[in-house]
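Have a look at the structure, then follow the points below.

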Amino acid sequence: MGVTVMKFGGSSLKDPRSLMERAAWHFTHLAAEAISQRGRFTVALAGGSTPRQLYALLAGKEIDWRSIHFFWGDERCVPPENPESNFRMAYDVLLSRVQVPAGNIHRIPAESPLDEAARRYETALHLFFGVNSPVFDLILLGLGPDGHTASLFPGAPAVRETTRWVAGVVHTTPPPPLLDRITLTPVVLNAARNVLFLVSGADKTEPLRKVLRGPFQPDLLPAQSVAPVDGKILWLVDRAAAQNILPSA
Ligand code: 6PG
C-alpha cells in the first residue's frame with residue numbers, strides 16, 4: 001500500500017512500475033464505472049514520457065474499448081506521425097493495439113496553424129460535449145520540471161483563461177521540446193470528474209514539493225491551477241519524486 005503524503009489525496013508508490021500499475025487500476029475502474037453509469041468513458045490523455053508505460057500496460061487489459069472516447073490534454077504543433085507528437089506516442093503503444101473505433105479517437109489537429117488548430121479542437125469538444133461544459137470522466141496530467149502541466153507553462157495567459165476551453169501556446173523557452181502547443185485550459189481541467197496526476201522520477205522532486213507544499217502561485221506553478229470544482233484530484237507519485245515531501249523517517 002502506498003504512503004499517503006498529498007494534501008490533495010494521493011499515494012506515493014515505491015517505483016515507476018508500481019505507480020503505473022496503480023494508475024492502470026484507477027483507469028480501468030473509472031472506465032467501468034463511467035460505462036456502467038453513462039454508457040461511455042471520456043478520457044483526455046497526457047503527453048510527455050511518463051504516461052508511456054501506463055498506456056503500454058493498459059493495452060494488455062480487458063477493457064470495453066469500444067465505449068471509450070480518447071482526447072488529449074495537449075499536443076505539440078507537429079504532424080501526427082512526428083516522434084514528438086503526443087498522439088503518436090499513445091497510438092503506437094496503445095490505440096493501435098486495442099479495438100477502439102476510429103471515430104472514438106479525437107486527435108488534436110495540431111498540424112494546422114496555431115489559432116486554427118485551437119479553434120478546431122474547441123469546436124470538436126463543443127460538438128461532443130455540448131456547449132455548456134466538457135465534463136471528462138478522467139483527465140490524465142503530468143508535471144513538468146518548471147511546474148507546468150498539459151501545456152500550461154509559467155507566465156502563459158492560458159493559465160488564467162476563464163472562458164475558452166482550448167488555447168494555442170507559443171513555446172520558445174525550455175523545457176523542451178521548443179514547439180508551439182495546443183492545450184486544454186483550466187476551464188476544462190477543473191470541470192473533470194477525475195484528474196489523475198502521474199509524477200515519476202527524482203527530477204520532479206522539487207517541482208512536486210513547490211506545487212504541493214509551496215505558496216499558491218499558479219502563474220509560476222501552473223499545476224496549482226488544477227482544482228476540480230466538483231471532481232476528484234489524485235496524485236500518484238513514486239518515491240523518487242516524493243522524497244522531499246514524504247514524512248521524515
Ligand atoms: C507534454 C505534456 C507535458 C508533460 C510534462 C511532463 O506535451 O509534454 O503534456 O505536460 O506531461 O512536461 O513530461 P514527462 O512525463 O516527459 O516528464
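Helices (H or I, at least four residues) and strands (E, at least two) are DSSP runs, numbered from the N terminus. Residues are numbered from 1 along each chain as its sequence is written. This is a predicted model, in which local features need pLDDT of at least 70 and side-chain atom pairs count only at pLDDT 80 or more, while totals for chains, interfaces and linings use all residues; side-chain values use heavy atoms, with hydrogens and water left out.

**The loops**
- Proline 175 is placed in the loop between strand 6 (166-169) and strand 7 (181-184). A cis peptide bond, with omega about 10 degrees, links proline 174 to proline 175.
- Proline 177 also belongs to the loop between strand 6 and strand 7. The bond that joins proline 176 to proline 177 is cis too, and its omega is near 0 degrees.
- Alanine 150 sits in the loop between strand 5 (138-141) and strand 6. Its phi is near 50 degrees, which is a positive value in a residue other than glycine.

**Around the ligand**
- Which residues are closest to the ligand? They are Ser49, Thr50, Asp74, Ala150 and Lys204, from a surrounding set of 15 residues (a residue is near a molecule if one of its heavy atoms lies within 4 Å of it).
- The shell around the ligand is made up of two nonpolar, nine polar and four charged residues. Here Ala, Val, Leu, Ile, Met, Phe, Trp, Tyr, Cys and Pro count as nonpolar, Asp, Glu, Lys and Arg as charged, and the others, Gly among them, as polar.
- In the side chain of threonine 50, an N or O atom lies 2.6 Å from an oxygen atom of the ligand. For arginine 76, a side-chain N or O atom is 2.8 Å from a ligand oxygen, and for histidine 148 such a distance is 2.8 Å.
- On its own the ligand has 420 Å² of accessible area, and the protein covers 88% of it (areas come from the Shrake-Rupley method with a 1.4 Å probe).

**The pockets**
- On a 1 Å grid over the protein atoms alone, a pocket is an open set of points where a 1.4 Å probe fits, with protein on both sides within 12 Å along at least five of seven lines; lining residues have an atom within 4 Å of a point.
- The ligand takes up the space of the largest pocket (more than half of its atoms lie within 2 Å of the grid points).
- The largest pocket has a volume of about 440 Å³, counted as the space filled by probe spheres set on the points, which are joined across faces, edges and corners. It is lined by 25 residues, with Gly47, Gly48, Leu143, Gly144 and His148 closest to its centre.
- The second largest pocket holds about 250 Å³ of space. Its lining includes Trp25, His26 and Lys232, and helix 1 (16-38) gives the largest share, five residues.

How values were computed: A polar contact is a pair of N or O atoms within 3.5 Å; within protein, one must be able to donate a hydrogen and the other to accept it, and residues adjacent in sequence count only if both atoms are side-chain atoms.
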